[in-house]
Amino acid sequence: MNKLLSACFTYLRLGEILCGIAFCCFKFKRYDFAIAIYEFLSRMDYLDNQSYARFNLGLAYFNAGEYDEARDNFLKFMETYPLSYEVSYNIASTYLRTNDIPMAKKYFERSFELNNDIDSLYQLGLLAFEERDIQAAYSYFSKAKELVPNKIDFEYCLLRCSDLLCQYSSPDEITNILHKYESLLSKKAKLADFYIESAYVYALAKAGKIDAVIAKATGFLSTATNQKHILHKILGLCYLIEQDYKKALNNLTEAETLSPQNDKIKINNLMSYYHQLYGDMKQAEHYRQKAQDSDENIYKEDDLYII
């Protein structure tokens, strides 16, 4: 009997040690080792936290980029803990990474229903926004703001939705939207770096306040850590409107240099327009062709996070 108890103790002790090693592997991003250890632990029938080894195995696979394997392990964990909102969120995330949006929505909704999970609600808002269902996104972000009134991310996302739903048809509408951006900026919130500033500049442009756009965008550029291509692009467009072609060219050239691939079509179109106005039809055609040959994932002005 003593030998049996000793063997059981050793077996359980081994499990605890391996859990610690696996955790260290995970922390130092050695997911291959973590996966191997958690695979072993998930098969230890007498281990109290066997199911949690399965959950951590899913996390290790997820961080290793093996989303199907991660999902399989999360689903197995869910068989034991069906009311875990965390695992529902994780399953949704695997579907999101594999671009199965309907299933991602299903499990984000389940996660929210189980525990009013604010992160799931936020993700549902982002997905609705990506699908250009601005009204649905507004509804999700409104709920999120009700649950966490002071979270700046929700306030910003809600404002972006309001901005896009606004027709900019009356002075009161314009004043209200611009005032909300200014209020958000005054809080000096660190939200995704310069996303608020970029969105504010776009709102000013849509309101036709060209002088204010040039002043604000130029000021923001002096401290911007990202979003500089957006600011240069809108400045280039404003200078085109103002017929200051030299400044337009400088800003559009800088925007093209800084921009990611999915912004090149719009910038090249603006560059083509610049050269056409300036009378250089050869260069105009050159940039028109570059725009045509660019990636089809065109930058949209109504992106939530203007990138």
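**Helices and nonpolar cores of the predicted model**

Helix α13 is followed by Gln-243, whose phi is positive, near 65°. Helices here are DSSP runs of H or I with at least four residues, strands are runs of E with at least two, and both are numbered from the N terminus. The structure is a predicted model, in which local features need pLDDT of at least 70 and side-chain atom pairs count only at pLDDT 80 or more, while totals for chains, interfaces and linings use all residues. Residues are numbered from 1 along each chain as its sequence is written, and side-chain values use heavy atoms, with hydrogens and water left out.

The protein has 16 helices and 0 strands. Of its 307 residues, 44% count as buried (under 20% relative accessible area; exposed is over 50%, partly exposed in between; 1.4 Å probe, protein chains only). Residues 24 or more positions apart account for 53% of the contacts (heavy atoms within 4.5 Å) with a separation of 6 or more.

Helix α13 covers residues 228-241, and its end C-alpha atoms are 20 Å apart, in agreement with the 20 Å that its 14 residues should span at 1.5 Å a residue. The expected span is 1.5 Å times one less than the number of residues. In α13, 11 of the 14 residues are buried, among them His-229, Lys-233, Cys-238 and Tyr-239.

Leu-231, also buried in α13, is one of the residues with the most contacts inside the largest nonpolar core, which has 53 residues. Such a core is a set of buried Ala, Val, Leu, Ile, Met, Phe, Trp, Tyr and Cys residues joined through side-chain atoms within 4.5 Å. The helices that each supply at least two residues of this core include α7 (118-130), α10 (171-186), α13 and α14 (245-258). The most is given by α11, with 8 residues. Tyr-181 is another of the residues with the most contacts inside the core; leaving aside residues up to four places away in sequence, Tyr-181 touches Leu-159, Arg-160, Asp-163, Ile-196, Ala-199, Tyr-200 and Ala-203. A second, separate core of 28 residues includes Ile-37, Phe-62, Ile-91 and Ala-104.

Ile-91 is among the buried residues of helix α5, as are Val-87, Asn-90 and Tyr-95. Helix α5 (residues 85-97) has 13 residues and reaches 19 Å from its first C-alpha to its last, close to the expected 18 Å. Ser-93 is found in α5 and is buried, with a relative accessible area of 13%. Not counting residues up to four places away in sequence, Ser-93 touches Phe-62 and Phe-108. Helix α5 is followed by Asn-99, whose phi is positive, near 60°.
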